[in-house]
Amino acid sequence: MKSLALLRSIRIRATQITGPLQSRSFQPDFVPADPKAKPIKYKLPQSYDPYGPRPPPSDKIIQLAEKIAALPPEERVQIGPILRERLRHPMMQSVSVEGVDLGSQGGAGAKAEEKVEKTVFDIKLEKFDAASKIKVIKEVRAFTSLGLKEAKDMVEKVPVVVKKGVTKEEANEIIEKIKAVGGVAVME
């Protein structure tokens with residue numbers, strides 16, 4: 001009861017200092033938006049320039065553009081690097097598109113994927129003999145550097161990825177060790 005009275009006194013003092021708590025929905029002049037009203041469509045110019053209209057290019061610039069357009073393609077390619085060097089512009093960094101689907105049609109993309117050879121593998125423990133569970137746990141502990149409890153929990157969650165990002169040689173060695181103690185592991 002005392003706490004309730006305290007809260008009321010704080011609320012009364014707060015309203016005396018700052019005024020009543022305000023909410024737009026309780027104000028008398030508030031009119032809610034009509035849910036059936038269509039949004040207002042504004043007419044925008046076809047091209048918007050935030051800096052305002054630009055003056056037309058000078059005759060000198062137009063003649064230069066015509067000369068560049070008249071050059072053969074081999075010479076046009078050389079203009080960019082020379083201007084970049086003359087004007088001391090920094091080189092633009094190339095953007096990597098590795099792993100990005102650019103909307104290729106199945107045939108070309110599938111052939112490119114076949115040529116790329118995988119270098120990093122994950123090892124997945126598929127199953128093991130119930131009699132050799134302890135040996136498998138010890139082997140998993142050996143190459144994952146986990147504690148006994150963590151290794152036991154991992155082995156009990158079969159099928160599970162036990163090691164990620166290993167080379168093919170390492171993966172083959174680990175699979176052979178697991179196979180020797182009674183487990184079945186595969187490379188992914």
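**Confidence first**

Visitor: What pLDDT does the protein chain average?
Guide: This is a predicted model, and the protein chain averages a pLDDT of 79. At least 70 is reached by 76% of the residues.

Visitor: And where is confidence lowest, and where highest?
Guide: The lowest is helix H4 (residues 106-115), with a mean of 55. The highest is helix H2 (residues 59-70), at 93. Where pLDDT is low, the predicted coordinates should not be read in detail.

Visitor: OK, on to the core. Which residues touch the most other members of the largest nonpolar core?
Guide: Ile123, Val140 and Val162 do, out of 18 residues in that core. Strand E1 (121-128), H5, helix H6 (148-156), strand E2 (160-166) and helix H7 (168-181) each give it two or more residues. H7 supplies the largest share, 5 residues.

Visitor: What does Val162 touch?
Guide: Leaving aside residues up to four places away in sequence, Val162 contacts Ile123, Leu125, Phe143, Thr144 and Met154.

Visitor: Switching to charges: is Glu139 buried or exposed?
Guide: Glu139, in helix H5 (residues 133-144), is buried and has no salt bridge. The nearest side chain of opposite charge is Lys177, 4.7 Å away, and a salt bridge has to be within 4 Å.

Visitor: Which residues does Glu139 touch, then?
Guide: Lys177, Ile178 and Val181, again not counting residues up to four places away in sequence.

Visitor: Last one: how far apart are the end C-alpha atoms of helix H3?
Guide: They are 21 Å apart, which agrees with the 20 Å that its 14 residues (73-86) should span at 1.5 Å a residue. Just after H3, Arg88 has a positive phi of about 60°.

Notes. Residues numbered from 1 in each chain as written. Predicted model: local features only at pLDDT ≥ 70, side-chain atom pairs only at ≥ 80, totals over all residues. Heavy atoms only, no water. Helix = DSSP H or I, 4+ residues; strand = E, 2+ residues; numbered from the N terminus. Expected span 1.5 Å × (residues − 1). Buried < 20%, exposed > 50% of the residue type's maximum accessible area, 1.4 Å probe, protein only. Lys, Arg positive; Asp, Glu negative; His and termini not counted. Contact = heavy atoms within 4.5 Å. pLDDT = per-residue confidence, 0-100. Core = buried A, V, L, I, M, F, W, Y, C linked by side-chain atoms within 4.5 Å.
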